[in-house]
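Trainee: Can we go through the charged pairs in this one? I'd like to see where they sit.

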Amino acid sequence: MTLDSTESTITKAVQNTFAGMSDERTREIFVGLVQHLHDFTREMRLTGDEWFTAMDFLERVGHFSTPTRQEFVLLSDILGLSVLVDQINHHNETSVTDSTLLGPFYVEGRPTAANGSDISGGVAGLPLFFHGTVVDTTGNPVAGAHVDTWHSDGDGFYDVQQAQKLHNKLAMRALLTTDEHGRFWYRSIAPRYYPVPTDGPCGEILRAAGRSPMRPEHIHFWFHADGYDPLITMLFRAGDPYLETDAVFGAKRSLVVEFVQHEAGETTPDGTTMTEPFQTVEWTFTLTGKDQ
Ligand code: BEZ
Ligand code: FE
């Protein structure tokens, strides 16, 4: 019954309206959401002005969102919700590479690339050679794994943040496939730490709280392989000044690696001699089987 509800009966009244929902899990989520939302509102003794501020904020988050600017996802990220969902769903056994959040800059239409190719898309920067190996929990190579990788440029900007300058060309991202030894490798440019976008409503929260918007330097990876759980993760550069204060709570010690700096003239992993300094990064990723 919804007639004459009061502060103490409104929650049940709303929850009862979900009884007819055919999907049991969706019903459970709505009932729980109403419970917590109402309890929160009662606990805060939320005023009408505060409620209006919240509605206006969410509306602005919606208006700010586009297919390449996911302000709602960013809101979830800065509130620690994205990482919490990952923590609940991945218990991160020590034998498996830790997962972390996806972030808003993954793009479905990324180009495929052969191992050894240059995925920088012509964007200038410090050359970086990445060598990865994908293994299972017994150390055996995982051949034929699909590896999505993406990262920022040396100023901390992703391709989709500079679409005009790059003429809408995707860069610094690719889909690779591991060889029979579980290896994948590519050339690109070194990424840089960067602030999460602060020109939208989420920026207001960060500024109001005096919070750093910075994410430590990292490279993203998303692995898919038949018979294994997908793995979404990142590698962070050892020594980065923002490792301890990641604005979206995604950095983990287990994912910190050396981005090794080399002088010009030394031989790169693929045997060429460079006329400029470059970086190399090597890492082994461990996947777990779907039924393990
Ligand atoms: C990223 O790592 O790409 C990212 C994650 C969360 C918010 C903004 C950026
Ligand atoms: Fe990122």
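Mentor: What follows is a short talk about salt bridges in this predicted model.

Trainee: How many salt bridges are there in the whole structure?

Mentor: A search turns up 16.

Trainee: Which residue does Asp86 pair with?

Mentor: Lys252. The closest N and O atoms are 4.0 Å apart.

Trainee: And where do Asp86 and Lys252 lie?

Mentor: Asp86 is in helix H5, residues 81–89. Lys252 is in the loop between strand S8 (231–237) and strand S9 (256–257). They are 166 residues apart in sequence, so the pair ties together separate parts.

Trainee: Is Asp86 buried or exposed?

Mentor: Asp86 counts as buried because its relative accessibility is 9%, and the cut-off for buried is under 20%. Lys252 is buried too, at 18%.

Trainee: New topic. What does Arg237 form with Glu217?

Mentor: A salt bridge, with the closest N and O atoms 3.1 Å apart. Arg237 is in strand S8. Glu217 is in the loop between strand S6 (214–215) and strand S7 (218–224). That links distant parts of the chain, 20 residues apart.

Trainee: Are those two buried or exposed?

Mentor: Both Arg237 and Glu217 are buried. For Arg237, the relative accessibility is 15%.

Trainee: What about Arg237 and Asp240?

Mentor: Their side chains meet in a salt bridge, 3.6 Å from N to O. Asp240 is buried, with a relative accessible area of 5%.

Trainee: Which residues do the shared partners join into one network?

Mentor: Arg192, Glu217, Arg237 and Asp240.

Conventions. Residues numbered from 1 in each chain as written. Chains lettered and ligands numbered in written order. Predicted model: local features only at pLDDT ≥ 70, side-chain atom pairs only at ≥ 80, totals over all residues. Heavy atoms only, no water. Helix = DSSP H or I, 4+ residues; strand = E, 2+ residues; numbered from the N terminus. Buried < 20%, exposed > 50% of the residue type's maximum accessible area, 1.4 Å probe, protein only.
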